[in-house]
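Please keep the sequence and the model in view while reading.

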Amino acid sequence: MSEIVVRAPQGHIEVKNFSLSYDSIEGPVEAVTETQIHVKPGEFVSIVGPSGCGKSTLLNAVAGFLKPTTGIVTVDGEKVNGPSAERGMVFQQYSLFPWKTVRENVEFGLKMRGMPRSQRERAARTLLGLAGLEAFEKHYPEKLSGGMKQRVGIVRALATGPKVLLLDEPFGALDAQTRVIMQQILTNMWQRLKISVLFVTHDIDEAIFLSDRVYCMTARPGSIKAEIPIPLERPRQQSMMMSSEFLALRRGLMSLIREESLKAMGGEITDLGMQGLNIELHGASLADVI
Amino acid sequence: MSSPALVRHPEDGMPAPAIAEPGPAPAVITPPTTPPSFGAHALRWYRLNRAGLRAIAIGVISLLAFLLVWHLLTTFRVVFFVRFTNVPSPLAVYASFTKAIHDPKFLLHVLLSCRRIFFGFSLAAIVAVPLGLIMGRFKLIHEIIFPVAEVLRPIPAIAWVPMAIMLWPTNEQSIVYITFLGSFFPILVNTLHGMSLVDPVLVRAAQCLGARERSIFREVYFPASLPHIFTGLTVGMGVAWVSLIAAEMISGQYGIGYFTWEAYSLVQYADIALGMIAIGVLGLGSSMLIRGAGQLVMPWRTR
């Protein structure tokens, strides 16, 4: 435990001149192009963007699942060459092992590292206690609610003491109330562990509420459209989401994403086209109008 | 919430006398503490298991109805497209059953069939499960073995009988071989299917936690495929019995399949039905064994 909680801040993520393209019959398709991002040690950074913009692709490249076509991904100066326990990952689909109990799931990373059973059992119990899941250690994931599953997912990713934590829309499948609680739990853990976090979401409020900095991506092929520092004070409270500062940031990000979402939907839907939605038919049938 | 009210119901008579004469109050207080708790348990148990009890009751009635119809068809020697003139009645079969269980020869037939199933099926499981896992993981091995398996798979085990007799020096070996073949392909195909359905996100999750190839195989691919492996084992066990009985009828000297066929040759009609029922019961029993093993091995799937 002590090694996880007290540690010099590290985990400097650097993504330089990054692009990634897939092969298809029509030739290579660019998913992400000319992207530079970085996460300083102990910083909480989010990536937002319209769906399909390649934000998950970027995160998967940092995790080591995808190789960049050009450019380089480094963590603390070391090139990322494949997945490793140094970069913990939390998935939207929870991805807990259904055949392992909650505690066995949390132990998994430690087991892979060769830690003896009694030691890793103790470590897993302590971590589960921090997440308020001690009572569920012997349950199988199937029996848990979505919020509990994702808490286990986060604890499992943190158990090996990674340098960075990567989260791919982790709260996307949760209901609004659970989501807010999970955001607070995540903030709490992040502040305790002083770990670098790269967080992918399409929820603007979530990105502002959690982050020190937010990257906004363009429509496909994705690249960084804007980088927005979030100067809101910490600790942040739920009530802050009504403050004028928060709302101003929200408005700014909203308009950036809206532009890109419209582009992503094919471009021909301009603001003028959207007005069509307001035309009143006044009882006439559609055929009459046409 | 409602159960206490329901529990009190049978003892409705008790509180009334207590109010009428306050004298024997302690005697009244004791009975509600002990018997209702038993009653409550029994009632709660009944309410929780009502669906199961209902299924059992209907199952028993259905079996009895089957026996009754069988009895009526045979006692009245019904001839209506099919002829029941020579079909033994359930009572005749029961009589030959009581005789057979004291006959060591009949028991030997049963035992030998079980032994052949045990060896044939176990060998099939020992070969097909690892092969399926490896084929599912390594593309090249899949590409090499799959075409051969696909050609051999549709050949029914019975069609293998002449070839098996040529291949193996003893009759016993060829029968076990046919049983093996019968269960081999269902197990292989289902294991492969299970491997193809392993959620790639779980593999990624394991990789992110520092798992290497060997650990991923043991900790992710294998347990993720287990439900399908057990489907394969259950189907394989069914086909093993089909193949075994066919093989025994053609080339056996012992075994329950041989017993059934011999009974026909010897005009012992009751023994035909006895043999058939024995096969049914043995098949059911072995399937239940596999299901039980599955529940032991996959505790996360029991609800």
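The side chains of B:Glu219 and A:Lys100 meet in a salt bridge, with 2.6 Å from N to O; a salt bridge is here a side-chain nitrogen of Lys or Arg within 4 Å of a carboxyl oxygen of Asp or Glu. The model is a predicted one, in which local features need pLDDT of at least 70 and side-chain atom pairs count only at pLDDT 80 or more, while totals for chains, interfaces and linings use all residues. Residues are numbered from 1 along each chain as its sequence is written, chains are lettered from A and ligands numbered from 1 in the order in which they are written, and side-chain values use heavy atoms, with hydrogens and water left out.

Between chain B and chain A there are two salt bridges. Helix H11 (200-208) and helix H12 (213-251) of chain B each supply at least two residues of the side that touches chain A; helices are DSSP runs of H or I with at least four residues, strands are runs of E with at least two, and both are numbered from the N terminus. The largest share of that side, seven residues, comes from H11(B). In total, the contact (heavy atoms within 4.5 Å) takes 19 residues from chain B and 24 residues from chain A.

The size of an interface is often given as the accessible area lost when the parts come together. The area buried between chain B and chain A is about 2,000 Å², and carbon and sulfur atoms give 69% of this; the value is the accessible area (1.4 Å probe) that the two parts lose on being put together, summed over both. On the side of chain B, the residues that lose the most area to chain A are B:Cys208, B:Leu209 and B:Trp300, together 36% of what that side buries.

Chain B itself has 14 helices and two strands. Of its 303 residues, 36% count as buried, where buried means under 20% relative accessible area, exposed over 50%, and partly exposed in between (1.4 Å probe, protein chains only). One of the buried residues is B:Thr191, with a relative accessible area of 0%. B:Thr191 is found in helix H10 (residues 171-196) of chain B. Residues up to four places away in sequence aside, B:Thr191 touches B:Ala128, B:Val129, B:Gly132, B:Leu133 and B:Ile229.

Which residues does B:Arg116 meet in salt bridges? One partner is B:Glu172, at 2.8 Å from N to O. B:Arg116 lies in helix H7 of chain B and B:Glu172 in helix H10, so this pair ties together parts that are 56 residues apart in sequence. The other partner is B:Glu248, at 2.7 Å from N to O. B:Glu248 belongs to helix H12 of chain B, and the pair links parts of the chain 132 residues apart. B:Arg116 is buried, with a relative accessible area of 3%, and B:Glu248 is buried at 0%, whereas B:Glu172 counts as partly exposed at 25%.

Helix H13 (residues 256-265) of chain B has B:Ile256, B:Gly257, B:Phe259, B:Thr260 and B:Ala263 buried. These residues lie on the same side of H13(B), because they cover an arc of only 165° around the axis, taken from the directions from the helix axis to the C-beta atoms. The buried residues of H13(B) pack against helix H7 (104-137), H12 and helix H14 (269-297) of chain B.
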